[in-house]
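Here's a friendly walk through a protein model for someone meeting it for the very start of their reading. Have the picture ready and follow along.

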Amino acid sequence: MSQPGRKDAFANLIKQGRQRRGWRQEDLVAASGVSRRTLTRWEGGDAERPDLDQVRAVCIALGIRPIDAAIALGLLEADEIDQPPPPPVDPRADELLDVLQDERIPKAAKEALLTLLRQLRNQPDDGPTPEREAV
């Protein structure tokens, strides 16, 4: 949490959640199972590498969405929440990288491989063919 304000964001999230419920720290300790010492540290802005199970327990006890705690802690940015996951990468891609980085393979062979890959990428996809199923 190197960004200024991150520590305060998480501390404020917990304090405000407690205040909304009208709870003292002791009430939150009883409801979450997290120690008072930990809560005191977190509310004081000392939340370096907090135990995520404890963060979740406090969120559940306070009725706070765990995702809001993740944002306050800097684990996520708000604009990352609704983004689709990255497309899966074919595990065979590592093999291609190995070939392209292998100094024993001539540069002309690497260029021929790249040319073939570009051609394949630009072909229309007509569905499975015996050649494609063999790959």
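What follows goes from the overall layout to a few residues and their contacts.

## The ground rules

This is a predicted model, in which local features need pLDDT of at least 70, side-chain atom pairs count only at pLDDT 80 or more, and totals for chains, interfaces and linings use all residues. Residues are numbered from 1 along each chain as its sequence is written, and side-chain values use heavy atoms, with hydrogens and water left out.

## The overall layout

Let's start with the big picture. The chain has eight helices and zero strands, so helices here need a quick definition: helices (H or I, at least four residues) and strands (E, at least two) are DSSP runs, numbered from the N terminus. Going along the sequence, you read the pattern α-α-α-α-α-α-α-α.

How much of the chain counts as buried? Of its 135 residues, 23% do. Buried means under 20% relative accessible area, exposed means over 50%, and partly exposed is in between (1.4 Å probe, protein chains only). As for contacts (heavy atoms within 4.5 Å), take those between residues at least 6 apart in sequence: 49% of them join residues at least 24 apart.

## The nonpolar core

A nonpolar core is a set of buried Ala, Val, Leu, Ile, Met, Phe, Trp, Tyr and Cys residues joined through side-chain atoms within 4.5 Å. The largest one here has 17 residues, and the members that touch the most others are Phe10, Ile14, Leu28, Trp42, Val55 and Val58. Two or more residues come from each of H1, H3, helix H4 (52–62) and helix H5 (66–72). Which element gives the most? That's H4, with five residues.

Setting aside residues up to four places away in sequence, Val58 touches Ile14, Leu28, Ser32, Val34, Leu39 and Trp42.

## Helix H2 and its buried side

Now for H2, where Gln25, Leu28 and Ser32 are buried. They sit on the same side of H2, because they cover an arc of only 60° around the axis (the arc is that of the directions from the helix axis to the C-beta atoms). Gln25 has a relative accessible area of 10%. Beyond its neighbours within four places in sequence, Gln25 is in contact with Arg18, Arg36, Leu39, Thr40 and Glu43.

Ala31 is also found in H2, but Ala31 is partly exposed, with a relative accessible area of 45%. Not counting residues up to four places away in sequence, Ala31 touches Trp23 and Ala61. Ala31 and Ala61 are 30 residues apart in sequence, yet their C-alpha atoms are 5.8 Å apart in space. Just after H2 comes Gly33, which takes a positive phi of about 80°.

## Salt bridges

How many salt bridges does the structure hold? There are eight, a salt bridge being a side-chain nitrogen of Lys or Arg within 4 Å of a carboxyl oxygen of Asp or Glu. One of them joins Arg18 and Glu43, with the closest N and O atoms 2.6 Å apart. This pair links distant parts of the chain, with Arg18 in helix H1 (residues 6–21) and Glu43 in helix H3 (residues 36–43), 25 residues apart. Both ends are tucked away: Arg18 counts as buried at 14% relative accessibility, and Glu43 is buried at 9%.

Arg36 and Glu26 form another salt bridge (2.2 Å, N to O). That pair also links distant parts of the chain, from Arg36 in helix H3 to Glu26 in helix H2 (residues 25–32), ten residues apart. Are these two buried or partly exposed? Arg36 is partly exposed at 43%, and Glu26 is partly exposed at 33%. Both belong to a network of salt bridges that links Arg24, Glu26, Asp27 and Arg36. Elsewhere, Asp68 and Arg65 meet in a salt bridge at 2.8 Å, N to O, and Asp68 is partly exposed at 27% relative accessibility.

## A charge over a ring

One last stop is Arg21, which lies over the face of Trp23, at 5.4 Å from the ring centre. A charge sits over a ring if NZ of Lys or CZ of Arg is within 6 Å of the ring centre and within 35 degrees of the ring normal.
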